[in-house]
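Student: I have a new structure to read and would like to go through it feature by feature. Please give me the general idea each time, then the case here.

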Amino acid sequence: MWSAAPFVLLLAAVALLEALAAGWWSRLTNKALVVTALAVPAAVHLLVSGQTAALTHSIVEYVSFLSLLAALFVIAGGIEIRGSLAGTPLANAGMLTIGAVLANIIGTTGAAMLLIRPFLRANARRRTRAHLVVFFILIVANAGGLLTPIGDPPLYLGFLKGVPFGWTLRLWAPWLFVNGTLILLFNLIDQFLVNREERRDRATGLMDQLLTHEPPHITGKRNLLLLAAVVAVLLTRGALGLPFGVPEAALAAIGYLSYRCTPRAVHDGNHFTFGPIVSVAVIFVGVFVTMTQPLLLLNAHAAEIGPHQPWQYFWASGALSSTLDNAPTYLAFTSVAAGQLGIAVTDPQYLAALIAAPAGDDLLAPIACGAVMMGSLTYLGNGPNLMVKEVAEHRGVRMPHFFAYAGTATLIMLPILTATTHLFFQ
């Protein structure tokens with residue numbers, strides 16, 4: 001079990017250093033030092049113990065994972081929405097609905113970065129805005145991206161492990177229930193807060209101000225074609241089984257083309273830099289290397305550690321995703337599920353075998369839903385969460401601190417997740 005220590009320490013470092021030493025942790029060189037100190041011993045152990053093939057598979061998956069994230073990040077940075085919709089409760093709910101759908105097309109990171117600025121501009125005259133960002137994180141940055149492998153990093157890792165591209169579409173019922181309930185609840189809360197603001201200061205004519213807006217329009221439209229090219233690459237990969245390197249090179253070429261063809265004014269308008277994706281690349285190379293041995297251990301001892309029922313997988317994967325990153329959590333619990341059905345994770349396509357097993361779908365669905373939906377319960381559960389928080393604070397929104405956000409998000413989500421359990425995973 002000691003061989004899992006680098007993985008545990010890395011995830012603990014990401015969680016604690018972000019909360020307790022944000023200034024130090026924000027420097028890329030410091031992230032690289034921590035990752036190197038933990039990933040190198042893990043890699044040496046795998047090589048010495050004869051697990052070279054498992055380490056190689058992890059590195060290959062990392063390259064594939066990062067190539068998609070980087071391509072979507074660059075393309076989303078080349079699309080700017082200028083102007084905004086009206087900032088009324090109904091219009092705000094409409095923007096969240098658009099974000100929930102868009103998250104499945106350009107990923108939760110792309111949708112969040114594309115929509116958060118016009119969303120905040122539409123509500124710039126509001127006194128109370130923190131709740132807008134909280135619901136934006138819950139929906140656009142997390143629960144919305146459940147329907148495609150592009151939507152959220154855990155689902156793309158599942159795609160790389162053998163889950164068919166269209167399999168996630170069968171999760172439409174829990175996606176519709178959770179996002180629909182969140183949007184309805186948001187609309188009620190937002191309407192209540194708007195009414196309260198109007199009563200406090202009737203002279204301002206708040207609703208008239210919220211209705212005054214510059215109609216939105218999109219610049220960088222050529223990047224929409226490049227998004228379609230990304231989807232085509234993924235579909236081709238799934239249909240033809242392209243060898244490693246071909247789809248990755250295609251995604252890199254699409255990302256490069258997007259960057260070169262996007263006018264500088266668009267990048268400036270989006271405040272686009274490569275800093276966030278470089279940071280993700282550094283942290284996740286450590287995650288992929290150090291998680292190799294724990295996945296092997298989980299698979300080997302799956303029958304001993306449980307869980308066994310779908311609802312147990314839903315809450316176990318969700319609880320771990322809320323405190324750690326949801327991508328490695330997804331792989332951890334799919335490894336357990338595969339082990340309980342006698343499927344070895346040494347096969348790079350082991351999730352294809354899991355789905356083909358009689359009870360495979362019943363276990364994979366709650367793992368996917370738990371990882372995606374409950375990644376919203378803390379700022380650390382999913383990559384876009386902190387990015388959205390930073391943009392909001394830069395725009396003058398006073399966001400709740402780490403534990404206040406976690407308490408608020410849990411209070412909102414817990415009844416919805418409980419109902420989801422009874423409706424879909426009993």
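Tutor: Start with burial: a residue is buried under 20% relative accessible area, exposed over 50%, and partly exposed in between, with a 1.4 Å probe and protein chains only. Ala4 has a relative accessible area of 11%, so Ala4 is buried. This is a predicted model, where local features need pLDDT of at least 70 and side-chain atom pairs count only at pLDDT 80 or more, while totals for chains, interfaces and linings use all residues. Residues are numbered from 1 along each chain as its sequence is written, and side-chain values use heavy atoms, with hydrogens and water left out.

Student: Which residues does Ala4 touch, not counting residues up to four places away in sequence?

Tutor: Contact means heavy atoms within 4.5 Å. By that rule Ala4 touches Pro294 and Leu297. Ala4 is in the segment before α1 (5-20); helices are DSSP runs of H or I with at least four residues, numbered from the N terminus.

Student: How many salt bridges does the structure hold?

Tutor: A salt bridge is a side-chain nitrogen of Lys or Arg within 4 Å of a carboxyl oxygen of Asp or Glu. The structure holds 6. One of them joins Glu61 and Lys161, at 2.4 Å from N to O. That pair links distant parts of the chain, with Glu61 in helix α4 and Lys161 in the loop between α7 (153-160) and α8 (172-200).

Student: Are Glu61 and Lys161 buried or exposed?

Tutor: Both Glu61 and Lys161 are buried. For contrast in setting, take Arg264 and Asp268, whose side chains meet at 3.8 Å, N to O. These two lie in helix α12, 4 residues apart, about one turn of the helix. Arg264 counts as exposed because its relative accessibility is 66%, and Asp268, at 43%, is partly exposed.

Student: What is the volume of the largest cavity?

Tutor: Rolling a probe the size of a water molecule over the atoms shows where empty space is left. On a 1 Å grid over the protein atoms alone, a cavity is a set of points where a 1.4 Å probe fits but cannot get out, and lining residues have an atom within 4 Å of a point. Its volume is the space filled by probe spheres set on the points, which are joined across faces, edges and corners. The largest cavity has a volume of about 160 Å³.

Student: Which residues lie nearest the centre of the largest cavity?

Tutor: They are Ala54, Ser58, Lys161, Thr292 and Val345, out of 15 lining residues. Helix α4 gives the most to the lining, with 4 residues.

Definitions and conventions. 1 Å grid on protein atoms, 1.4 Å probe; cavity = no way out; pocket = protein on both sides within 12 Å on 5 of 7 lines; lining within 4 Å.
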